[in-house]
Amino acid sequence: MLYLRDAFPRERWTEALPETAAFWLQMHGGFRAQQRHMADAASRWRSGAVDPRGLHAALMPTLQAFLQHLDGHHRVESGHYFPHFRLIEPRIQSGLDLLDRDHDAIHAHLDALYHSAVAFHRAVAGQSSDAPDHANRLADVLDRAAPGLIRHLDDEEDIVIPLMVMKGGPAA
Ligand SMILES: [Fe+2]
Ligand SMILES: [Fe+2]
């Protein structure tokens with residue numbers, strides 16, 4: 001699958017990119033920023049810098065946006081872009097299979113994040129004494145979700161950005 005990255009390596013991504021490719025990178029940049037923000041909030045919680053309410057305020061708006069946008073993003077990729085790429089570049093089927101499997105794996109993490117976030121929110125809203133336990137659980141789920149997500153964003157860009165530069169993307 002790396003022939004695409006070799007044909008148009010990351011060092012050249014500063015050149016003028018097709019609009020869809022630039023937008024794709026911008027979306028991924030947003031997910032990376034949200035992930036960093038949430039990891040930072042979790043580490044402030046663990047260090048004792050914030051209480052459960054403080055964690056809730058720092059984390060929940062970002063987490064909510066992250067879950068919504070990433071789920072929507074994957075739907076558009078797997079349902080619209082990847083089928084188009086399969087048609088225009090048959091050599092990259094196995095790469096797209098891998099990215100589709102990533103989406104399923106990440107979806108399981110998003111599901112776990114959603115459920116831990118709801119439990120944490122209820123505990124904080126109800127001023128329950130187990131709010132710290134729910135905060136710990138949510139922070140752990142965030143930790144587990146991060147590596148696969150970051151790797152997926154990198155791998156997907158290595159395939160999709162050169163492909164769009166060389167062959168063009170579908171209409172948005
Ligand atoms: Fe993806
Ligand atoms: Fe993506």
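Predicted model: local features only at pLDDT ≥ 70, side-chain atom pairs only at ≥ 80, totals over all residues.
**Exercise 1.** Determine which residues are the protein donors of the iron ion (ligand 1), and state how their arrangement is classed.

*Solution.* 
Step 1. The donors are Glu77 (OE), His103 (NE2), His152 (NE2) and Glu156 (OE), at 2.1 to 2.2 Å from the ion.
Step 2. Along the sequence, these donor residues follow the spacing E-x25-H-x48-H-x3-E.
Step 3. The angles subtended by the 4 donor atoms run from 85 to 176°. Four donors count as tetrahedral if all angles lie between 85 and 135 degrees. The arrangement around the iron ion (ligand 1) is therefore irregular.

**Exercise 2.** Identify the residues that coordinate the iron ion (ligand 2), and describe the site's geometry.

*Solution.* 
Step 1. Angles among the 4 donor atoms span 73 to 152°, and the site is irregular.
Step 2. Because His73 lies in helix H3 and Glu156 in helix H5, this pair ties together parts that are 83 residues apart in sequence.

**Exercise 3.** State how far apart the two iron ions are and which residue is named as coordinating both.

*Solution.* 
Step 1. The separation between the iron ion (ligand 1) and the iron ion (ligand 2) is 3.2 Å.
Step 2. Glu77 coordinates both ions.

**Exercise 4.** Decide whether His73 and Glu156 are buried or exposed.

*Solution.* 
Step 1. Buried means under 20% relative accessible area.
Step 2. His73 has 8% relative accessibility, so His73 counts as buried.
Step 3. Glu156, with a relative accessible area of 0%, is buried.

Key: Residues numbered from 1 in each chain as written. Chains lettered and ligands numbered in written order. Heavy atoms only, no water. Donors = N, O, S within 2.8 Å, 3.2 Å for Na, K, Ca; no water. Tetrahedral: all angles 85-135°; square planar, octahedral: opposite > 155°, others 65-115°. Helix = DSSP H or I, 4+ residues; strand = E, 2+ residues; numbered from the N terminus. Buried < 20%, exposed > 50% of the residue type's maximum accessible area, 1.4 Å probe, protein only.
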